[in-house]
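Let's take a walk through the salt bridges of this model. Have the sequence and the structure open as you read.

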Amino acid sequence: MNITPAFKAETIGLITRRLIPFLMLLYLIAYLDRSNISVAALQMNADLGLTSQMYGLGAGLFYVTYIIFEVPSNIVLARVGARRWIARIMVTWGLIACGMAFIQTAHQLYGMRLLLGAAEAGFTPGIIYYISRWFPSSNRARAMSFFYIAAALASVIGLPLSGALLNMDGILGYAGWRWLYFVEGVPAVLLGFVVLKYLPDGVGDAKWLSPAQGEWLSKTIAEETARAPGGHSAGWQRAFTDSRVWLLSLFWLLQ
């Protein structure tokens, strides 16, 4: 098999077009559901009688369970497959995001934010892991840079959308902030089922790759994985005792 630079570029370009825009959409929805509490607060705090301290606690509790369940979630992902686990994460967090529309007290807010963090835990590193199974190391940074653009798009698109949803205040007797939570939670549930249909588990399941492309990509990824220091068999104890895991968790907490 003659592997030329043009062949490699064509293969990586095809993978990028098929996977990255969809993964960006998933990340945009995740970022939106995580951060829309800041817009909902414009009405929610007054309706529920929340002080600034109550609101700050509710917003921050998301990251407590997000960090606690991050490593266990990704261990499960590596065992059951990224496609199935990412779909599970999205459906679960979408349902909880919708449930935010029905909270009545500060303590219910705290509980739902803890559940939302637990549900979404593992999503972003799960996507990173999934990308690593499709892109050789020389192309991975570029793929990741496209993926993270979705966070910026969430602010550009999400904030005006969330503001518009607040204007639904009073429709069917519900406050605008309740509509905001419910409407923005629905796409995660729907996209969770789309993930099961659209994302292939691995290179061998990608019918849109030619046999030559699939063979080259599988061999390249396998060789890089074999050369990597350590693997996915490290287990729970090693994950929780690795200082790098705790350092990354701290970075995520301080975002």
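**Charged pairs across the chain**

Asp201 counts as partly exposed, because its relative accessibility is 32% (buried means under 20% relative accessible area, exposed over 50%, partly exposed in between, with a 1.4 Å probe and protein chains only). The model is predicted, so local features need pLDDT of at least 70 and side-chain atom pairs count only at pLDDT 80 or more, while totals for chains, interfaces and linings use all residues. Residues are numbered from 1 along each chain as its sequence is written, and side-chain values use heavy atoms, with hydrogens and water left out.

What does Asp201 meet in a salt bridge? Its partner is Arg83, at 3.2 Å from N to O (a salt bridge is a side-chain nitrogen of Lys or Arg within 4 Å of a carboxyl oxygen of Asp or Glu). Arg83 is buried, at 14% relative accessibility. A network of salt bridges links Arg83, Arg84 and Asp201.

By this rule, the count is four salt bridges. One of them joins Glu120 to Arg34, with the closest N and O atoms 2.8 Å apart. Glu120 lies in helix 6 (residues 106–120) and Arg34 in helix 1 (residues 5–35), so this pair ties together parts 86 residues apart in sequence; helices here are DSSP runs (H or I, at least four residues), numbered from the N terminus. Glu120 is buried at a relative accessible area of 0%, and Arg34 is buried too, at 5%.

Another salt bridge brings together Glu224 and Arg140, at 3.2 Å from N to O. Glu224 is buried at 18% relative accessibility, whereas Arg140 is partly exposed at 25%.

Notes: Helices (H or I, at least four residues) and strands (E, at least two) are DSSP runs, numbered from the N terminus.
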